[in-house]
Amino acid sequence: MSENFAYPVGLRLAGRRVVVLGAGQVAQRRLPALIAAGADILLISPSATASVEAMAEAGEVRWERRRYRAGDFEGAWYALITTDDPEANAAASAEAEERRVWCVRSDDAEAASAWTPATGRSEGVTVAVLTGQDPRRSAAVRDAVVEGLRDGTLAAPRHRARGPRVSLVGGGPGDPDLITVRGRRLLAEADVVVADRLGPRDLLDELPPHVEVIDAAKIPYGRFMAQEAINNALIEHAKAGKAVVRLKGGDPFVFGRGMEEAQALAEAGIPCTVVPGVTSAISVPGVAGIPVTHRGVAHEFTVVSGHVAPDDPSSLVDWSALARLRGTLVLLMAVEKIGAIATALIGHGRAADTPVAVIQEGTTAAQRRVDATLATVAEAVAAEGVRPPAIVVIGDVVAVASPDHR
């Protein structure tokens, strides 16, 4: 047998007997995977770690509190020897060899008939790595492959037939590194990406050439409203058997229309996966050095859409109630209406000298911050030429700066 070569194989152990000798740290690490595989596990050990004991109490393994004895491997398909008794390990290993039971030994890999690979999983893919007698290298290779699958840097598209599906992915506030791991992986698997203007544009450059990228702002509306046209595009491409990602800025459900899209997909019978995103309401102030809450300064923060002026009959915001709050107000889509909003807050009792910060294009290379007060913010925004997208933060937390932002 080659010293550094093992034949890799996946064991299907569901309902099959597996014997584990020893219940220490090694067994504690190995047992969860055996349990997940559905193995019929017999654990033999006089004592066990608290975690292993909990597995036995939960009925996940059958535990006999004793030492190994001849005959324990009868009827077994696989064995794991993890005790600190060399004589018992050697005897058990000999029995496994005699009964032709594949056996792993934690104390002596060369004496074993099987080796345990470094294993990781990502969305239905199992990665198992063997590097002979270098387990640290095995773990490092495994981690690199699994991380690549999870974050999409290692593209592994599915090729078997699948039903229609759409993923509503929150892309975060703009910095491509702030999308979630799951969101990046789904992008790597996509056939079609329907993207918002405020989504992380740099991520689109990383997509393979075959991926169709659709600018949601440029979908022809025809007799449909813009949102209806987007919904129809998602449904049409999904029914064509393509993996569709709806890439939205921030979080799909924070002042986005993600729920409308999810409802339209549900009515069309198309499964929808929602991947939350890092909302700009919290992340943009944070990168600008403003905590939306701070001990002794603010015990609450309120996120408000500012796209409708306070005196507009269609407004759903109780501005008088907001003015009475002592915490932080975070306004999204409020640049155009900031003058009217500031006037309303002051008119309802919020102090005119309340600190205000306006952060434009937060988390991107073009980020900039303009500081003012409620009384001066409209003038400052006009003078500085602030344009959307921008976040407005109102409250005493604006004056709390991290060392890097003072």
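Is Glu-361 buried or exposed? Glu-361 is buried, with a relative accessible area of 18%; the cut-off for buried is under 20%. The structure is a predicted model.

## The loop between S15 and S16

Glu-361 lies in the loop that joins strand S15 (355-360) to strand S16 (368-373). Its backbone has a positive phi of about 50°, although Glu-361 is not a glycine. Most residues other than glycine have a negative phi.

Thr-363 is found in the loop between S15 and S16 as well. Thr-363 is not a glycine either, yet has a positive phi, of about 75°. With a relative accessibility of 12%, Thr-363 counts as buried.

## A cis peptide bond

Most peptide bonds are trans. The bond from Pro-388 to Pro-389 is cis, and its omega is near 0°. Pro-389 belongs to the loop between helix H12 (377-384) and strand S17 (390-394).

## Aromatic rings

How many aromatic pairs does a search of the whole structure find? The search finds 1. The pair is formed by Tyr-68 and Phe-73, with 6.0 Å from centre to centre and 50° between the planes. The pair is classed as tilted, because planes under 30 degrees apart would count as stacked and planes over 60 as edge-to-face. Both Tyr-68 and Phe-73 are buried.

A charge is placed over another ring: the charged end of Arg-16 sits over the ring of Trp-77, 4.6 Å from the ring centre.

Strand S8 (residues 165-170) has 5 of its 6 residues buried, so S8 is largely enclosed by the rest of the structure.

Which strands pair with S8? One is strand S11 (residues 243-248), which pairs with S8 in the parallel sense over 6 bridges. In S11, Lys-248 is the bridge partner of Gly-170. Another is strand S12 (residues 272-275), also in the parallel sense, over 4 bridges. In S12, Val-275 is the bridge partner of Val-169.

## Helix H5

Helix H5 (residues 181-189) has 7 of its 9 residues buried, so the helix is largely enclosed by the rest of the structure. Which residues of H5 are buried? They are Gly-183, Arg-184, Arg-185, Leu-186, Leu-187, Ala-188 and Glu-189.

Notes
Residues are numbered from 1 along each chain as its sequence is written. This is a predicted model: local features need pLDDT of at least 70, side-chain atom pairs count only at pLDDT 80 or more; totals for chains, interfaces and linings use all residues. Side-chain values use heavy atoms; hydrogens and water are left out. Rings of Phe, Tyr and Trp (its six-membered ring) pair if their centres lie within 6.5 Å; planes under 30 degrees apart count as stacked, over 60 as edge-to-face and the rest as tilted. Buried means under 20% relative accessible area, exposed over 50%, partly exposed in between (1.4 Å probe, protein chains only). A charge sits over a ring if NZ of Lys or CZ of Arg is within 6 Å of the ring centre and within 35 degrees of the ring normal. Helices (H or I, at least four residues) and strands (E, at least two) are DSSP runs, numbered from the N terminus. Two strands pair if DSSP finds at least two bridges between them.
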